[in-house]
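Please read it alongside the sequence and the coordinates.

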Amino acid sequence: MRAWVSQALMVFDLGVLAYFLAVNLLYLVFSIVAFFTLVQHRRRWTSRALEIVMRSPATPGISVIAPAYNEEATIEQSLRSLLLLNYPQFEVVVVNDGSKDTTIDTMVAAFALMPAPVVYPQPIATKPVRALYRSLDNPDLVVIDKTNGGKADAINAGINAARYSLVCVIDADSILEPEALMRAALPFVENPNTLATGGIIRIVNGCTVEAGRVTAIDLPASWLARFQVVEYLRAFLSGRVFMSAANALLIISGAFGVFRRDAVVEVGGFRHDTIGEDMEIVARLHKRWRDTNRPYRVVFQPDPVCWTEVPETRKILASQRNRWQRGTCQVLSYHMAMMGNPKYGSVGWFAMPYFLIFEAAGPLIEVAGYLVTVIAVLFGLLDVVFAQLLFLTAVVFGAIISLTSVLLEEMSFRRYPKIRHLLMLAALGVLENFGYRQLTTYWRLKGSIDFLRNKQGWGVMTRKGFAKV
């Protein structure tokens, strides 16, 4: 009996070992491809090339849509940042989604808002619009006040009101760098078949914000937020750069993405019955254009920067990761027909299976691997050398991947200017594998279980606002 159990444990742990090897080797490949892609990107889009695009009459106008719900802490600074963006033709459409705090009052007072008639087509059904305001100080600022319907519903209301061919969807608590819109619009200027593009999300915690601009960059004081800096670098500079190069990008962050307005309207707008609306809209665009055999691409741009606040407490971070996991599982279940289907190209045969195995099922595999290995070693049912090999594969290899992401940051854009920043990020890339990674894996596992239990709701995200001068 003991021999049978030992053999079964060995087979199980071999499977877990294969999983860790696969995920880390994939990220190593992602990083290598990302390196060459980033080098090519920097050579191609010089300041001179950007200036030419900026002056071109073919550069499309953009409507920046910012859904806002209880954002009184950051809304004024965020809007001032948006209104100062460096782009030839744009407007800012803020959608107050039935906030219960002073979000709408703060905007009315800060930007001299006055009521205006609601007279525009509404091709996407939304909750009722209660009022529309325009600014006496800035004619390119529009504020919509509507009944609460959730983030996706608020985005759809903004798309209805948008007057330009491109719509940029951001979080109202985020700050875009001055040239972010211009860099995000480049793929649309370069290729009219571009449906959507996303920029990189960076963490504003610890940075100093003045007049809607990040004026001093620093790492967060919170250790939880510091670990998230490394996470974001790995996800964006490795994962999304590779997926974009393979035209398999399955998610554009809800914090910052630019879409062709007509494409979003064609597929019916953002889906409001999911908490993963940013991933779901991209999957639906892939599906519609593949089903109708039209050329298209969905692109990640590594240099348009959006700064956003991340959770600094375990409770809020756990809620966020739970929600992200449930959203991923929801989207995969909605679009299961695309899974492994060659009709949908690299999205069908690579991106969808990748998300299923390593994102949806990954937490279960990892947690089970940790628990079974520890128990097996304690009871002498597993060879210690094999357990060490599993540890090296899961932890040490993972640390190397994190360090590679920090190296990509240094070699590409280096937003963190000081040597101590890079040294700290390198150290965090190693340390996150000893506790933080296991903690987030546990939260994601709970998210998968909650998805199976059909748990609904966004959870709570408390913001403290930006650090000011």
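A nonpolar patch on the surface is formed by Phe391, Leu392, Val396, Ile400, Leu403, Val430 and Phe434, with about 570 Å² of accessible area together. Helix H13 (residues 384–412) contributes the most to this patch, with five residues. This is a predicted model, in which local features need pLDDT of at least 70 and side-chain atom pairs count only at pLDDT 80 or more, while totals for chains, interfaces and linings use all residues. Residues are numbered from 1 along each chain as its sequence is written, and side-chain values use heavy atoms, with hydrogens and water left out.

- Patches are made of residues with over 30% relative accessible area and no salt bridge; like charges are joined within 9 Å, and nonpolar side chains (Val, Leu, Ile, Met, Phe, Trp, Tyr) within 5 Å.
- A salt bridge is a side-chain nitrogen of Lys or Arg within 4 Å of a carboxyl oxygen of Asp or Glu.
- Accessible areas come from the Shrake-Rupley method with a 1.4 Å probe, and for residues only the protein chains shown count as cover.
- Helices (H or I, at least four residues) and strands (E, at least two) are DSSP runs, numbered from the N terminus.

**Residues of helix H13**
- Beyond its neighbours within four places in sequence, Ser402 is in contact (heavy atoms within 4.5 Å) with Val230, Arg234, Gly429 and Glu432.

**Helices H11 and H12**
- The axes of helix H11 (residues 345–360) and helix H12 (residues 362–378) come within 4 Å and cross at roughly 35 degrees; axes are lines fitted to C-alpha atoms, for helices over the stretch in contact, and angles run from 0 to 180 degrees between N-to-C directions.
- Ile357, Phe358, Glu359 and Ala360 in H11 meet Gly362, Pro363 and Ile365 in H12.
- The residues of this contact divide into five nonpolar, one polar and one charged.
- Ala, Val, Leu, Ile, Met, Phe, Trp, Tyr, Cys and Pro count as nonpolar, Asp, Glu, Lys and Arg as charged, and the others, Gly among them, as polar.

**Thr328 in helix H10**
- Thr328 lies in helix H10 (residues 314–334) and is buried, with a relative accessible area of 13%.
- Not counting residues up to four places away in sequence, Thr328 touches Met279, Phe355 and Glu359.

Technical notes
Buried < 20%, exposed > 50% of the residue type's maximum accessible area, 1.4 Å probe, protein only.
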